[in-house]
Structures are given as structure tokens and as C-alpha cells.
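Hi,

Here is the structure I promised to pass on. Have a look at it first, and my notes follow below.

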Amino acid sequence: MYNQHSTSTNQTQRHQDDFRDTALGLVSTLSFPAIVGTADMMLKSAGVHLVGYEKIGSGHCTAIVRGGIADVRLAVESGVQTAEQFGQLVSSLVIPRPFPNLDVVLPITNRLSQIMQEGQYSRLSNQAIGLVETRGFPAMVGACDAMLKAADVQLASYEKIGAGLCTAIIRGSVANVAVAVEAGMFEAERIGELNAVMVIPRPLDELEQTLPIASCWIEEHQPLRLPINIREQVAEREVLQLPDLATIPVKVTEEVEVWNDE
């Protein structure tokens, strides 16, 4: 009982130390492209980690970051300025030294441990992400079709945040994504209502991993399926009929000398 109590106390103390001198930062916007652009600016302006997004409907999206108190304050300030430039800012919040109970509610620890293992290296240094948000599904589908036909980009997925708002997410080179987003804007306005657009060049891995990915992008190992006739032929070839060695004539390899008696 003493050992169990001591172990539990040490784990609690270590858990509290993880939250010491850290802070949580939250910035809320009214569109998904705006919150992705805001999160990108927060990651690039200070040494913080992106925990994820919280979507509560009616277009309200919140980006949650965590790091040192000074870094989080700077990141939230940059995020607020970015969201105000988009005209989509709703609210912001900085919580220094959050109580450990918040770890139970917010998905923080698991996400941060994964980030620490993978690091902040960006595999998409020459790539970009494009987001086109419309009000209405037909306008988004039309924008997707126009973007795919206008440039060499790939449609990764789409996101729904309520209030009829849905966002198409594409990936590709910076130039191709810029051309595709412009084509998608015109098509969305022609069909329905365009709400917001965003082009993020050279995103960090943390931002990339928080975006949705379509199931067709997830590689799954498929079993090797061979035709039945090939299997039968292989089986026949494996069974060999060995000949009777007694019936095989022996080859004389040495010359036989014949002596004739005179």
C-alpha cells in the first residue's frame, strides 16, 4: 500500500510539473479557412504546438495551442491580428499555468507527445494547402471540379462546420494551388455563395496533421490475389515424377583397353 501511494504521488507531481510554466491559447473565428490560416500564423510566429481545432457549429471554429507562457501570448496576439485581417475574429483567450484537470477535457497530452516524437520538420517545404469555403454543398462541389481542372492539384478532403458552410481542401505546389483556388472562387460565386478562401504556402507538419484526409488517401495493404489457373499450374509443377534410376544406362567415362594375345 505504501509503494502504491508513493507511485501515485510521484505520477501526480510529474503531471503537475508538465503544466508548470506553460499556457493554453485559444483563438476563435467564423470560418474554417480563417482558423487554419490563423493557426498557421500562430505556429510560425512563436514556439508553440497546435493541439487541434474545436468546431461547435454555426461556423465557429477554435484553434488551441500550447507552449511557454510568453510564446503562447505572442502566438495568440499574432493569431488575433490575422483573424482580424480576415474579418473573422470571434474571441481569444490565454490561460497561464492551466490546472491539470483541463488535460482530461482537452486532447492535449497525447497530441503533444506525438509532436515531440515527430518534431517540427516540414516535409511540405515546397508544397501548399488551399481552402475554399462556400455556403452550400453544390457550390463546393463545383469549386472542387474547377480547381482540379485548372491546375495540377489533389483534392484531399472537405470539412463541414455547420450553418451550411463546407470547405474544400486541396494540396499541391504553391503556384498550382494559387491558380486552382482562383478558379474555384469564380466557380463558387457563379453557382452559389463564396464565404472564405485561404492559401497556405509551406505549411508545417503540425498544421498538416490536424487537417482531415479522405479515406482514399490512406494506404492499406491489400492481399495478393492470384488467378486459380496459375495456382493449379504451380501446384502441378511442384509435383515431379522422378524416373527409375535402374533403367538409366550408365555412361562409360573411362576408356577400356583391349589386350589381344598373339
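Let me begin with a question: is F32 buried or exposed? F32 is buried, at a relative accessible area of 1%; buried means under 20% relative accessible area, exposed over 50%, and partly exposed in between (1.4 Å probe, protein chains only).

A word on how to read the rest. This is a predicted model, in which local features need pLDDT of at least 70 and side-chain atom pairs count only at pLDDT 80 or more, while totals for chains, interfaces and linings use all residues. Residues are numbered from 1 along each chain as its sequence is written, and side-chain values use heavy atoms, with hydrogens and water left out.

**Overall picture**

The protein chain has nine helices and eight strands. These are DSSP runs numbered from the N terminus, with helices being H or I of at least four residues and strands E of at least two. Of the 262 residues in the protein chain, 37% count as buried. Contact here means heavy atoms within 4.5 Å. Among the contacts in the protein chain between residues at least 6 apart in sequence, 78% join residues at least 24 apart.

**Aromatic pairs**

Searching the whole structure turns up two aromatic pairs. Rings of Phe, Tyr and Trp (its six-membered ring) pair if their centres lie within 6.5 Å; planes under 30 degrees apart count as stacked, over 60 as edge-to-face and the rest as tilted. Y53 is buried, with a relative accessible area of 13%.

F137 and Y158 also form an edge-to-face aromatic pair, with 5.8 Å from centre to centre and 65° between the planes. Here F137 of helix α6 (residues 137-150) and Y158 of strand β6 (residues 153-162) are 21 residues apart, and the pair again links distant parts of the chain. F137 counts as partly exposed, at 44% relative accessibility, and Y158 is partly exposed too, at 39%.

**Nonpolar cores**

A nonpolar core is a set of buried Ala, Val, Leu, Ile, Met, Phe, Trp, Tyr and Cys residues joined through side-chain atoms within 4.5 Å. Which residues touch the most other members of the largest one? They are F32, V36, L50, Y53, L131 and L207, out of 30 residues in that core. Helix α2 gives the largest share of this core, six residues. Leaving aside neighbours within four places in sequence, V36 is in contact with Y53, L131, I200, L207 and L211. A second, separate core has 15 residues, among them A143, C144, I170 and A180.

**Helix packing**

For the angles below, axes are lines fitted to C-alpha atoms, for helices over the stretch in contact, and angles run from 0 to 180 degrees between N-to-C directions. Helix α2 packs against helix α3 (residues 69-86) at about 145°, with the axes 8 Å apart. Residues of α2 at this contact include A34, G37, T38 and M41, and those of α3 include G79, T82, A83 and F86. T38, in helix α2, is buried, with a relative accessible area of 0%. Apart from neighbours within four places in sequence, T38 is in contact with V27, T29, G79, T82, A83 and F86.

The axes of α6 and helix α7 (residues 174-191) come within 7 Å and cross at roughly 145°. Among the residues making this contact are G142, A143 and A146 of α6 and A180, A183 and G184 of α7. P138 also lies in helix α6 and is exposed, at a relative accessible area of 56%.

**Cysteines**

How many disulfides does a search of the whole structure find? The search finds zero, where a disulfide is a pair of cysteine sulfur atoms within 2.5 Å. C166 is in no disulfide, and the nearest cysteine sulfur, that of C144, is 8.5 Å away. C166 counts as buried, at 4% relative accessibility, and C61 is buried as well, at 0%. P138 and C166 are 28 residues apart in sequence, with 10.0 Å from C-alpha to C-alpha.

Enjoy looking through it!

Best wishes
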